[in-house]
Amino acid sequence: MSDKYNGWANYETWRINLEMLDGMTFQDLGFDPRKFDLDSLESVENLGKTLEMYVCEIVEQDAKGFALDLAHSFLAKVDWDEIAEHMIYDAQAELV
């Protein structure tokens, strides 16, 4: 049995991408898409960490106590590198 959800690593990854990051561009994050390489593990990991920090900041502004604990538990399951790869791929496709 596969844990995949709608083609994503899991439900948490799909939902965060859909609800919080869908349509976001490199420019929204202050990055130049030409400086990211899908074949570079470092590029993917750096963007993944940036996306995680961005989402965590938003969640921490609105959630407190038990709700914040639940949110952190949910976010811990997100495959940030998968979202980063998807974002890099989309940006590179637009540059062509």
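User: Happy to have this one on screen! What makes the radius of gyration of the protein chain agree, or disagree, with that of a compact globule?

Analyst: Glad to walk through it. This is a predicted model, and its protein chain has 96 residues, for which a compact globule would have a radius of gyration near 12 Å. The protein chain has 14 Å, so the value agrees with the rule. Along the principal axes, its C-alpha atoms fill a box of roughly 45 × 35 × 20 Å.

User: Which elements does the protein chain have, from the N terminus on?

Analyst: They run α-α-α-α-α. That is five helices and zero strands.

User: How do you know which residues have the most contacts inside the largest nonpolar core?

Analyst: Members of such a core are buried nonpolar residues joined through side-chain atoms within 4.5 Å. The largest one has 25 residues, and those with the most contacts inside it are Ile-16, Leu-21, Leu-47, Leu-51, Leu-75, Trp-80 and Ile-83. Helix 1 (11-21), helix 2 (26-29), helix 3, helix 4 (65-75) and helix 5 (80-95) each supply at least two residues of this core.

User: What does Trp-80 touch, not counting residues up to four places away in sequence?

Analyst: Trp-80 touches Ile-16, Leu-21, Gly-48, Leu-51, Glu-52, Val-55 and Leu-75.

User: How many of the contacts between residues at least 6 apart in sequence join residues at least 24 apart?

Analyst: In the protein chain, that share is 71%.

User: And for the chain as a whole, how many of the residues are buried?

Analyst: Buried residues make up 34% of the 96. The protein chain exposes about 6400 Å², and carbon and sulfur atoms supply 50% of it.

User: Where do the positive and negative charges sit, judged by their mean positions?

Analyst: There are 7 positive and 21 negative charges in the protein chain, and their mean positions are 3 Å apart.

How values were computed
Residues are numbered from 1 along each chain as its sequence is written. This is a predicted model: local features need pLDDT of at least 70, side-chain atom pairs count only at pLDDT 80 or more; totals for chains, interfaces and linings use all residues. Side-chain values use heavy atoms; hydrogens and water are left out. Helices (H or I, at least four residues) and strands (E, at least two) are DSSP runs, numbered from the N terminus. The radius of gyration is taken over C-alpha atoms; the globule rule is 2.2 Å times the number of residues to the power 0.38. Buried means under 20% relative accessible area, exposed over 50%, partly exposed in between (1.4 Å probe, protein chains only). Contact means heavy atoms within 4.5 Å. Accessible areas come from the Shrake-Rupley method with a 1.4 Å probe; for residues, only the protein chains shown count as cover. Lys and Arg count as positive and Asp and Glu as negative; His and the chain ends are not counted. The place of a charge is taken as NZ of Lys, CZ of Arg, CG of Asp or CD of Glu.
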